[in-house]
Amino acid sequence: MTVIRLSYGTAILIFCIGLYTIISKRNLFKTVIGLALMESAVLLLIVTSGYIPGGVPPIIPINGVAVNPLPHAFTLTAIVIGASDVAMALALIMKLHQRYGTVDLDKIRGLRG
């Protein structure tokens with residue numbers, strides 16, 4: 001039970017660090033890093049929810065209580081989608097940098113008018 005609590009605590013801590021990064025930093029690269037941290041925290045939470053103490057992999061023959069493989073499958077899918085999102089966000093930031101010459105969100109907003 002301690003491992004589960006530690007995992008939940010770690011997920012909450014990582015989520016808060018990501019949220020703080022998004023709120024406090026005006027650099028778009030740091031904002032994307034904050035979003036990636038928050039995504040990782042949610043994925044850790046999902047994987048932890050599928051954990052069963054003393055559980056075994058759900059492979060036949062099953063000897064004991066099998067863990068639920070569904071959270072792990074969702075997590076793998078979310079990792080692939082998240083990597084694509086980060087790559088696309090970084091590409092958009094590079095385009096913004098080429099156009100405005102900065103990645104500071106306040107300066108980009110100020111340039112619009």
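**Entry 1: α2 against α3**

I looked up how α2 and α3 run, and they are roughly antiparallel to each other. The class covers angles over 145 degrees; under 35 degrees is roughly parallel, 65 to 115 roughly perpendicular, and the rest oblique. The two axes cross at roughly 175° and come within 10 Å. I took axes as lines fitted to C-alpha atoms, for helices over the stretch in contact, with angles from 0 to 180 degrees between N-to-C directions. Next I listed the contact, meaning heavy atoms within 4.5 Å. On the α2 side I noted residues including Leu28, Phe29, Val32, Ala36 and Leu43. On the α3 side they include Pro71, Thr75, Gly82, Val86 and Ile93.

This is a predicted model, where local features need pLDDT of at least 70, side-chain atom pairs count only at pLDDT 80 or more, and totals for chains, interfaces and linings use all residues. Residues are numbered from 1 along each chain as its sequence is written, and side-chain values use heavy atoms, with hydrogens and water left out.

I checked the span of α3, residues 70-100. The expected span is 1.5 Å times one less than the number of residues. Helices here are DSSP runs (H or I, at least four residues), numbered from the N terminus. Pro71, Thr75, Gly82 and Ile93 of α3 are buried. The buried residues of α3 pack against α2 (28-49). After α3 comes Gly101, with a positive phi near 80°.

I then turned to α1. This helix has 23 residues and reaches 32 Å from first C-alpha to last, close to the 33 Å expected. Ile4, Ser7, Ala11, Gly18 and Thr21 are its buried residues. They pack against α2.

**Entry 2: Ser7**

Is Ser7 buried or exposed? At 16% relative accessibility, Ser7 counts as buried. I placed Ser7 in helix α1 (residues 2-24). Leaving aside neighbours within four places in sequence, Ser7 is in contact with Leu44 and Thr48.

**Entry 3: the nonpolar core**

Which residues make up the largest nonpolar core? I found five: Leu28, Val32, Ile93, Val103 and Ile108. Such a core is a set of buried Ala, Val, Leu, Ile, Met, Phe, Trp, Tyr and Cys residues joined through side-chain atoms within 4.5 Å. Beyond its neighbours within four places in sequence, Leu28 is in contact with Ile93, Leu96, Val103, Leu105 and Ile108.

**Entry 4: the salt bridge**

I searched for salt bridges, defined by a side-chain nitrogen of Lys or Arg within 4 Å of a carboxyl oxygen of Asp or Glu. The count comes to one. Asp106 pairs with Arg26, the closest N and O atoms being 3.4 Å apart. The pair links distant parts of the chain, 80 residues apart: Asp106 in helix α4 (residues 105-112), Arg26 in the loop between α1 and α2. Asp106 is partly exposed at 43% relative accessible area. Arg26 is partly exposed too, at 30%.

**Entry 5: Pro58**

Where is Pro58? I found Pro58 in the loop between α2 and α3. Pro58 is partly exposed, with a relative accessible area of 38%. Its C-alpha is 7.5 Å from that of Asn68, 10 residues apart along the chain. Neighbours within four places in sequence aside, Pro58 is in contact with Ala66, Val67 and Pro69.

Notes. Buried means under 20% relative accessible area, exposed over 50%, partly exposed in between (1.4 Å probe, protein chains only). Helices (H or I, at least four residues) and strands (E, at least two) are DSSP runs, numbered from the N terminus.
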